[in-house]
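Okay, thanks everyone for coming. Let me put the structure up on the screen and then I'll walk you through one part of it.

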Amino acid sequence: MMESWEGRFFVTFTTVLEEKSFSRAADKLRYAQSTVTAHIRHLETTSGKKLFHRLPRGVEPTENGLRLAPYAYEFIRLGQSLQDAFADTGAPSGIVRLAALESFTVSHMPPFLTAFLQQFTKVKLRFAPGLKNDIIANVVNHQADAGILPMDPGRDDLHFTPLLEEKLMLVCSPALRERIERQGWGSLSDTAFISFGEQCIYHAYGRDVMQAAKVVLGDQLSFSSVELIKQTVSCGIGIAFVPESNVRTEIADGTLLPLPYDRQLTMTHGVITRKGREPNSAAQAFLQQLTDYFKKQ
């Protein structure tokens with residue numbers, strides 16, 4: 001089997017996996033779609049396993065496709081490391097795959113990413129947004145070189161490096177806070193708790209605070225974007241727990257207001273990497289620059 005598998009096939013496989021489409025993978029790789037189809041068919045023929053379910057709009061990996069994914073990413077990483085070892089230039093090059101919360105990335109990463117990519121022109125960044133469990137899975141399965149979490153996952157197979165500590169804020173619209181001040185927390189029975197979903201650490205913290213205060217909310221809404229959460233909260237539909245950095249501007253201009261609660265909640269954001277895995281030169285440069293950047297903040 002090994003003599004029939006080449007790095008380019010795994011690059012095609014992981015690109016289809018990420019794009020969820022043969023045509024989008026072909027566009028990204030600048031291949032004809034027939035080439036992408038041939039590469040995937042070659043892997044399926046060689047392995048004797050079906051790797052993707054063909055759907056009316058795109059594809060999704062089969063169980064065997066998911067089983068192959070971490071090996072494909074590791075194959076690509078080792079190939080890049082070998083290329084780095086024999087490169088004539090000392091400049092880091094290659095792809096860095098980062099998994100992180102959208103809320104953290106939007107608030108804290110743009111200045112760092114701009115400076116990093118301007119300095120390391122041969123490095124390409126691939127960003128995968130997700131929640132805590134998604135980020136951990138991406139790093140463990142070699143689909144990401146690093147991940148950024150709001151807390152130490154406490155796993156033996158991962159290394160956690162703290163980056164910054166941040167306070168969580170409970171926010172609402174000015175009209176809703178006025179109602180709470182007049183009528184108390186019991187007046188929230190017709191409002192919603194808005195979050196990224198039950199798998200989000202912010203949701204878990206907020207739920208605990210509401211339960212401790214014996215507050216019963218009328219509904220629960222989940223959105224994938226911090227901007228959509230803020231806009232919904234500002235309309236008076238509900239309340240949300242979000243990092244302070246996400247709402248600093250809105251609180252300053254009065255479109256959102258903080259609500260007091262009994263205990264202050266903070267998170268220690270940090271970067272996770274898989275233990276025992278040697279990062280390529282691009283990932284090494286990225287991780288070093290990332291930790292240095294947040295030490296100065």
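So, to start: how many helices and strands does the chain have? The count is 12 helices and 11 strands. Keep in mind that what you're looking at is a predicted model.

A few overall numbers, then. Along its principal axes, the C-alpha trace spans about 75 × 45 × 35 Å. The chain has 297 residues, and 45% of them count as buried. If you take contacts between residues at least 6 apart in sequence, 76% of those join residues at least 24 apart. The accessible surface is about 15400 Å², with 51% of that belonging to carbon and sulfur atoms. And on charge, we've got 32 positive and 32 negative side chains, with the centres of the two sets 4 Å apart.

Now, the bit I wanted to show you is strand S9, residues 238–243. Is S9 mostly covered or mostly open? Mostly covered: six of its six residues are buried.

Which strands does S9 pair with? One is S6, residues 158–172, which pairs with S9 in the antiparallel sense over four bridges. Another is S7, residues 192–195, joined to S9 by three bridges, and those two run parallel.

Okay, that's my bit, over to you.

How values were computed
Residues are numbered from 1 along each chain as its sequence is written. This is a predicted model: local features need pLDDT of at least 70, side-chain atom pairs count only at pLDDT 80 or more; totals for chains, interfaces and linings use all residues. Side-chain values use heavy atoms; hydrogens and water are left out. Buried means under 20% relative accessible area, exposed over 50%, partly exposed in between (1.4 Å probe, protein chains only). Two strands pair if DSSP finds at least two bridges between them. Contact means heavy atoms within 4.5 Å. Accessible areas come from the Shrake-Rupley method with a 1.4 Å probe; for residues, only the protein chains shown count as cover. Lys and Arg count as positive and Asp and Glu as negative; His and the chain ends are not counted. The place of a charge is taken as NZ of Lys, CZ of Arg, CG of Asp or CD of Glu.
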